[in-house]
Amino acid sequence: MASSSGNSSGSPQIQNSGSEGDLQNVMDQRKRKRMLSNRESARRSRMRKQKHLDDLMAQVAQLKKENGQISSSINVTTQHYVNVEAENSVLRAQMMELTQRLNSLNEILGYINSSTAVAAVGGGGAGSCVFEAEEFQNQGLADGFLNNPWNLMGLNQHPIMASAEMFDY
């Protein structure tokens, strides 16, 4: 029995060292498998990160392009605005000039109408008309206004020409 117990005691030691080797092999295999899995996971992660970076770079390029188009559109619109504003200034100046001329002509018509009314009340004959013509000539108005109504009562006004260059912003 003693020898069989010796044999039995020797045998578990051999089995232990064998199972320890197998266990070590299994652990090494698991470790290698885990390392490979980690490497693959890291590679996929790097690929995702690179794709995300590429997408962001493409988005930056697209936004820069759109920004350039918007800037160009703003420049064109600003130039158009400046041109329209200059044209409006010219039109305002012309309107003021024409308004002034219209007011002057209305004053002249009012004067003529009031003189005609006085002549009609004064007798209405041919003599009164001659009197009015003589009165205009004595005042020096006949040569100026009656011969050239655009002369505006002897004041030789030249047209005011306004242009966009007058209004520098």
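**Surface, fold and salt bridges**

Mentor: The protein chain exposes about 14000 Å², and carbon and sulfur atoms supply 58% of that area. Please bear in mind that this is a predicted model.

Trainee: How many helices and strands are there in the protein chain?

Mentor: The protein chain has 3 helices and 0 strands. Read from the N terminus, its elements follow the order α-α-α.

Trainee: And what share of the residues is buried?

Mentor: Of the 169 residues in the protein chain, 9% are buried.

Trainee: What about contacts between residues at least 6 apart in sequence?

Mentor: Among those contacts in the protein chain, 71% join residues at least 24 apart.

Trainee: What is the mean pLDDT of the chain?

Mentor: The mean pLDDT is 77, and 59% of the residues reach 70 or more. Over residues 126-131, however, the pLDDT is below 50, and this stretch has 1 contact in the model beyond near neighbours in sequence.

Trainee: Changing topic: how many salt bridges does the count come to?

Mentor: The count comes to 5 salt bridges. In general, side chains of opposite charge can pair when their charged atoms come close.

Trainee: Which residue meets E40 in a salt bridge at 3.9 Å?

Mentor: The partner is R44, and the 3.9 Å is taken from N to O. The two residues lie 4 apart in helix α1, which spans residues 2-121, so about one helical turn separates E40 from R44.

Trainee: How exposed are those two side chains, then?

Mentor: E40 is partly exposed, at a relative accessible area of 30%. R44 is also partly exposed, with 41% relative accessibility.

Trainee: Which residues are linked with E40 in a network of salt bridges?

Mentor: R43 and R44 are linked with E40 in that network.

Trainee: What does R101 pair with, and at what N to O distance?

Mentor: R101 and E97 form a salt bridge through their side chains, at 3.2 Å from N to O. R101 and E97 are 4 residues apart in helix α1, so here too about one helical turn lies between them.

Trainee: Is E97 buried or exposed?

Mentor: E97 has a relative accessible area of 11%, so it counts as buried, the cut-off being under 20%. R101 is partly exposed at 22% relative accessibility.

Definitions and conventions
Residues are numbered from 1 along each chain as its sequence is written. This is a predicted model: local features need pLDDT of at least 70, side-chain atom pairs count only at pLDDT 80 or more; totals for chains, interfaces and linings use all residues. Side-chain values use heavy atoms; hydrogens and water are left out. A salt bridge is a side-chain nitrogen of Lys or Arg within 4 Å of a carboxyl oxygen of Asp or Glu. Buried means under 20% relative accessible area, exposed over 50%, partly exposed in between (1.4 Å probe, protein chains only). Contact means heavy atoms within 4.5 Å. Accessible areas come from the Shrake-Rupley method with a 1.4 Å probe; for residues, only the protein chains shown count as cover. pLDDT is the predictor's confidence in each residue, from 0 to 100.
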